[in-house]
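My notebook for today is open, and I am going to look up a few things in one structure.

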Amino acid sequence: LIDLSRRLNAVHELPRLLQIIVEAASEMTQGAVSSILLIDSKSKDLIFESSTGLEREEMQRFVVPTENSIAGWVVEHGEPVLIDDAQQDTRHYRLSDLVTAFTTKSLLAVPLAVKGEIIGVLEVLNKANGKPFNKDDLRLLTTMADQAAVAIENARLFQQGDLVSQMVHELRTPLTVILAHADLLLKTSVNEGQRLQFLETIREEAERLTDMTNDFLELARLASGRARLSRKELNLPALVRASVYVIQPSASERGVQISVRSASSLPTIFGDAKRLRQVVMNLLTNAVKYNKPGGSVTIRIGVESTNAGFVRVSVTDTGYGIPEKHLKHVFE
């Protein structure tokens, strides 16, 4: 436990922290599977955030209702539970077994609490050799959960602080430019041409400042779970071509050719046009920015081969690509 405490205090990345916790829980209690479920701030449901011994992708952020589940009972009562035969317990949420193709037998679950507020549940399933979990396991996991809960909360605060630091750093550049040009206008005798040039620079940087502020607000909404998607029928090829129109000037400067290839027949698509445009613009901007001079960018829009009701949009470019060692981090 002392060694675990040192490791938890040294890690600030939440996914890595959660993995350390579940691995240690399985090792200390000899459980076949260990999982962490954290409470969603909006829905108040429990969500599987990390686990050991379960390879099925369906468990990633799998939702467990607080009602009619053992983990939910732990949250509601703020007490641990020790169960020898989960299949006979009416509180057992059997859908999780069906999704994972795993049969829960014995179970030990303890609350994760910080300053009296429960943030989730740490549980271990199926003790080795078919033995039941005992009171020593319960004491050990409870002590461990106390350490884990504090570490999880600290990691969340660290992430928020990191976002604020990043925001301040990013905002400093346009602010510096605006102040410098304002000082030149106030303190220096400039001709009409220079004055207009300074004012145009100030206007451009102010617009960039506004865009950055909106981006950070959007990021904060996403991080807090308050972002909402608008699902409306949209014309995906038209959305893509509008994005190409915006990025075309910078592509022309670098001699990069952009082409759009769309299937003649596409299913009706519902989605958030604004956010989909953000995605397409992001991909196009990077495809042009990191391309070779005189290179090309090809956008393809077609029916998803594995599901006729979905559309796939792909952006391919002739740039240098992302080093293989970084590919696993792309979606972090």
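**Entry 1: a loop residue**

This is a predicted model, so I keep in mind that everything here is computed. I began with lysine 115, which sits in the loop between β5 and β6. Is lysine 115 buried or exposed? It is exposed, because its relative accessible area is 86% and the cut-off for exposed is over 50%. I also looked up its backbone angle: phi is positive, about 55°, although lysine 115 is not a glycine.

**Entry 2: another positive phi**

Next I went to asparagine 68, in the loop between β3 (63–64) and α3. Asparagine 68 has a phi near 60°, again a positive value in a residue other than glycine. With 64% relative accessibility, asparagine 68 counts as exposed.

**Entry 3: helix α3**

Which residue caps the N-terminal end of α3? I found serine 69 there: one of its side-chain oxygens lies 2.9 Å from the backbone nitrogen of glycine 72. After α3 comes glycine 78, and its phi is positive too, near 65°.

Then I checked the burial in α3, which covers residues 70–77. Ile70, Ala71, Gly72, Val74 and Val75 are buried. What covers them? The cover includes the strands β1 (31–39), β2 (46–52), β4 (81–83), β5 (107–114) and β6 (117–127).

**Entry 4: a closer look at isoleucine 70**

I picked isoleucine 70 out of α3. Its relative accessible area is 3%, so isoleucine 70 is buried, the cut-off being under 20%. Leaving out neighbours within four places in sequence, I noted that isoleucine 70 is in contact with Val81, Ile83, Arg91, His92 and Leu107. I also checked isoleucine 70 against proline 80: they are 10 residues apart in sequence, and their C-alpha atoms are 9.7 Å apart in space.

**Entry 5: serine 106**

Serine 106 was my next stop, in the loop between α4 (95–100) and β5. Buried or exposed? Serine 106 is buried, with a relative accessible area of 6%. Its side chain reaches the backbone nitrogen of lysine 127 at 3.2 Å. Not counting residues up to four places away in sequence, serine 106 touches Ile83, Asp84, Val124, Leu125, Asn126, Lys127, Lys131 and Phe133. I spotted Ile83 in this list, and Ile83 is also one of the contacts of isoleucine 70.

**Entry 6: some pairs across the chain**

Here I looked up how far apart some residues are.

- Leucine 95 is in helix α4 and is partly exposed at 38% relative accessible area. Leucine 95 and phenylalanine 310 are 215 residues apart in sequence, with 27 Å between their C-alpha atoms.
- Asparagine 154 is in helix α5 (residues 135–187), and at 39% relative accessible area I count it as partly exposed. Between asparagine 154 and glutamate 13 there are 141 residues along the chain, yet the C-alpha atoms are separated by 10.0 Å.
- Threonine 285 is in helix α8 (residues 273–289) and is partly exposed, with a relative accessible area of 32%. Threonine 285 and valine 74 are 211 residues apart along the chain, and their C-alpha atoms are separated by 48 Å.

I also looked at what the side chain of threonine 285 does: it reaches the backbone oxygen of methionine 281 at 2.7 Å.

**Entry 7: stepping back**

Now for the whole protein. How many helices and strands does it have? I wrote down nine helices and 11 strands.

Of the 332 residues, 35% count as buried. The accessible surface comes to about 20500 Å², and carbon and sulfur atoms have 53% of that. For contacts with a separation of 6 or more, I noted that residues 24 or more positions apart account for 61%.

Last, the charges. I have 38 positive and 41 negative side chains in my notes, and the centres of the two sets lie 4 Å apart.

Methods. Residues are numbered from 1 along each chain as its sequence is written. This is a predicted model: local features need pLDDT of at least 70, side-chain atom pairs count only at pLDDT 80 or more; totals for chains, interfaces and linings use all residues. Side-chain values use heavy atoms; hydrogens and water are left out. Helices (H or I, at least four residues) and strands (E, at least two) are DSSP runs, numbered from the N terminus. Buried means under 20% relative accessible area, exposed over 50%, partly exposed in between (1.4 Å probe, protein chains only). Contact means heavy atoms within 4.5 Å. Accessible areas come from the Shrake-Rupley method with a 1.4 Å probe; for residues, only the protein chains shown count as cover. Lys and Arg count as positive and Asp and Glu as negative; His and the chain ends are not counted. The place of a charge is taken as NZ of Lys, CZ of Arg, CG of Asp or CD of Glu. A polar contact is a pair of N or O atoms within 3.5 Å; within protein, one must be able to donate a hydrogen and the other to accept it, and residues adjacent in sequence count only if both atoms are side-chain atoms.
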